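Hi,

Here is the structure I promised to pass on.

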Amino acid sequence: MTFEAPLPLAPYAATSDRSRGRRFAEAPPGSRSEFQRDRDRIVHSTAFRRLEYKTQVFVNHEGDLFRTRLTHSIEVAQIARSCARNLQLNEDLVEAISLAHDLGHTPFGHAGQDELNHCMREFGGFEHNLQSLRVVDHLEQHYGAFDGLNLSFETREGILKHCSANNARQLGDIGERFLQNRQPSLEAQLANLADEIAYNNHDIDDGLRSGLLSMAQMSEVDFFARHLRQAEEAYPGISGRRVIHETVRRMINALVVDLIHTSQERIAEAAPHDIEDVRSAAPLIAYSDAMAAEATVLKKFLRENLYRHFQVNRMTAKARRIIAEMFDAFIGQPNLLPPDYQVRTGADEAQRQHRQARQVADYIAGMTDRYAIREHRRLFVME
């Protein structure tokens, strides 16, 4: 058996010794790199464990075989690390970003986020990328010296994929790139696209498993149909779960190979000398134009046929109602909240209400699907 060691890091890759550091100074980690330390803190966090019971399309209680936010994050990390090795980027950093990118997601997937954002419209809104950063910067409470996990700048930068100019101005150095139109590290760019590869393909798998999508429907998408034919030609008579798996894994491989080759070409053309050159360039991690077009068609198909399926819409409506009713109850009567989430002071009443609303959002966003359903029942059902 032979072991294929990783190639040396490229000069434009992120490295621990050139990190922009942590918000609070700490002694070097010793036996680990700074980014390995970040990964380990993320894995041991409370928010990471909760991802096991948070789902994207299917609510957790609907079945044990559907992807959860936790399995999704692991899949993203696997894809991102494979690409990072080929591109000579920092695998530890891309893994840390991948594992942390969904820590701020609400229960009930995008339905929960959309409703909580609506509820918070008078208090600054709600966005899961910002909430993920809030989790690692403030809400996790494991260390005596500081709130949060005190992650390195590069990991925090990768977590914050999107940010409005108004929010960016309030975030200090981590928000500067959004105001200056600069790029994050290649590792952050890579984790972002690995996220897309993972969720598009596992949503196909879960959609077919649930029966909300059919093979006939999926075959209307040329990208799927082409790889389905390849699987059937390689294994005549294949059917059931096997043919789905063989098709989906071929799709993932095609996306990954295209991403690696296109990114290599873009990096070679831009010829960055270091990470600062990366930040000044156009995005360098990307699909080819042809693959980007196919990915767009696939996303549109899933949006129209899975995410807007009437059965998904029914659960979405229930989920939004649960979030809205809990929010209204907690804002109207903060004494219904656990004591740690009750705000009793502020410079004035408006500030106190604003702080209380953010605490309500923190409480709801931290819930798992199952806990949100139980908490709603405790608030509104006489038992």
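This is a predicted model: local features need pLDDT of at least 70, side-chain atom pairs count only at pLDDT 80 or more; totals for chains, interfaces and linings use all residues.

**Helix 5 against helix 16**

Helix 5 makes a right-handed crossing with helix 16. Residues are numbered from 1 along each chain as its sequence is written, and side-chain values use heavy atoms, with hydrogens and water left out.

Back to the two helices. (The axes are lines fitted to C-alpha atoms over the stretch in contact, and angles run from 0 to 180 degrees between N-to-C directions.) From helix 5, Ala111, Gly112, Asp114, Glu115, Leu116, His118 and Cys119 are in contact with Thr316, Ala319, Arg320, Ile323, Ala324 and Phe327 of helix 16, contact being heavy atoms within 4.5 Å. That set splits into seven nonpolar, three polar and three charged residues. (Nonpolar is Ala, Val, Leu, Ile, Met, Phe, Trp, Tyr, Cys and Pro; charged is Asp, Glu, Lys and Arg; the others, Gly among them, are polar.)

**The cores**

The largest nonpolar core holds 55 residues, and Leu89, Ile204 and Ile285 have the most contacts inside it. (A core is a set of buried Ala, Val, Leu, Ile, Met, Phe, Trp, Tyr and Cys residues joined through side-chain atoms within 4.5 Å; buried is under 20% relative accessible area, exposed over 50%, partly exposed in between, with a 1.4 Å probe and protein chains only.) Among the elements giving two or more residues to this core are helix 3 (69–87), helix 10 (186–210) and helix 13 (240–270). Leaving out residues up to four places away in sequence, Ile204 touches Leu213, Met218, Phe224, Val248, Met251, Leu298 and Leu302.

**Aromatic pairs**

There are four of these. (Rings of Phe, Tyr and Trp, the last by its six-membered ring, pair if their centres lie within 6.5 Å; planes under 30 degrees apart are stacked, over 60 edge-to-face, the rest tilted.) Phe24 and Phe146 are stacked, because their ring centres are 5.8 Å apart and their planes at 10 degrees. Phe24 sits in the segment before helix 1 (34–43) and Phe146 in the loop between helix 6 (128–139) and helix 7 (153–159), so the pair ties together parts 122 residues apart in sequence. Phe24 is partly exposed at 37%, whereas Phe146 is buried at 8%. Ring pairs join Phe24, Tyr143 and Phe146 into a cluster.

Phe330 and Tyr363 make an edge-to-face pair, 5.5 Å between centres and 70 degrees between planes. Phe330 is in helix 16 and Tyr363 in helix 17 (residues 349–365), 33 residues apart. Phe330 is buried at 0% and Tyr363 at 8%.

Phe108, in the loop between helix 4 and helix 5, has a positive phi near 65 degrees and is buried at 5%. Asn150 also has a positive phi, near 55 degrees; Asn150 is in the loop between helix 6 and helix 7 and is buried at 3%.

Cheers

Note on methods. A crossing is left-handed if the near helix is turned anticlockwise from the far one by less than a right angle, and right-handed if clockwise. Helices (H or I, at least four residues) and strands (E, at least two) are DSSP runs, numbered from the N terminus.
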